[in-house]
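Morning, everyone. Please have a look at the structure on the screen, and I'll walk you through its inside.

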Amino acid sequence: MATAPQPRLRADALRNRERIVAAAREALVEHGADSSLDEIARRAGVGNATLYRHFADRRELIHHVTLSVMARIADRAEAALAEEPDAFHALRRFVHAAADERIGALCPLLAEGVDKSHPDHVEARDRLESLIEALMAAARASGQLRADIGIGDLMVAVTQLTRPLPDTGCHDFGQFVQRHLQLFLDGLMNPARSELPGAPATLADLRKGFPQAADPSAGDAPRP
């Protein structure tokens, strides 16, 4: 799925577009593939015609939600790198911030409907991956992050721990996530308590073997 280059928007049109993307992200987190475009328009405070003026169909909207989520998470990683003097604290800060984006809830929705070879997607993904690698490299160099952990290991845990349990109606799921992430992060610290089986996982490994696990653009497609 290719998207046409976007013309420069007026300030009010840009605000509408940003509201639609934000509303779509919230609706997809809460209701998954059952989220209707009518409901997304209502949440954004715009008419259906305005939504379709910005996004031709559901797939184009999902494409831009994916870009937005990756950009927001990358911004959080960049801020943690720049602002935290302690490398492992920076990694902790990023992981909790990524969880706030609820990427585990979004992952199953953002695969088939996204053109992962689209230049905008590749650029956003590469930026995010390089920043996470930098965070982990700094924590590893400080001696605080165990050496047998790869970026894939980290992102599997983040996505799985932020994915709501199926059929529980657990709307307050988020209150447990940060606690469980803290337990996970404690397990990443040196000295390691045990030897892990296998090799550290990369995101490339996950995209090949477990397409729903760690890439914010991976998972089952929503219905068009």
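Start with phenylalanine 94. Which residues is it in contact with, leaving aside its neighbours within four places in sequence? They are Ile73, Ala77, Ala80, Ile132, Leu135, Leu154 and Met155. Keep in mind that this is a predicted model.

Now zoom out from Phe94. The largest nonpolar core has 56 residues. Phe94 is among those with the most contacts inside it, along with Ile40, Leu91 and Leu154. Who gives the largest share of this core? Helix 4, residues 58–83, with ten residues. The core also draws on two domains: at least three residues come from each of domain 1 (13–56) and domain 2 (58–166 + 173–208).

Next, the gaps. The whole structure has two cavities of 30 Å³ or more. Helix 4 has the largest share here, with three residues.

Last stop, helix 1. It runs over residues 11–31, which makes 21 residues. How far should they span? At 1.5 Å a residue, 30 Å; the end C-alpha atoms are 30 Å apart, so the two agree. Just after the helix comes glycine 32, with a positive phi of about 65 degrees.

That's my tour. Questions, please.

Key. Residues numbered from 1 in each chain as written. Predicted model: local features only at pLDDT ≥ 70, side-chain atom pairs only at ≥ 80, totals over all residues. Heavy atoms only, no water. Helix = DSSP H or I, 4+ residues; strand = E, 2+ residues; numbered from the N terminus. Expected span 1.5 Å × (residues − 1). Core = buried A, V, L, I, M, F, W, Y, C linked by side-chain atoms within 4.5 Å. Buried < 20%, exposed > 50% of the residue type's maximum accessible area, 1.4 Å probe, protein only. Domains from an automatic or database assignment. Contact = heavy atoms within 4.5 Å. 1 Å grid on protein atoms, 1.4 Å probe; cavity = no way out; pocket = protein on both sides within 12 Å on 5 of 7 lines; lining within 4 Å. Points joined across faces, edges and corners; volume = space filled by probe spheres on them.
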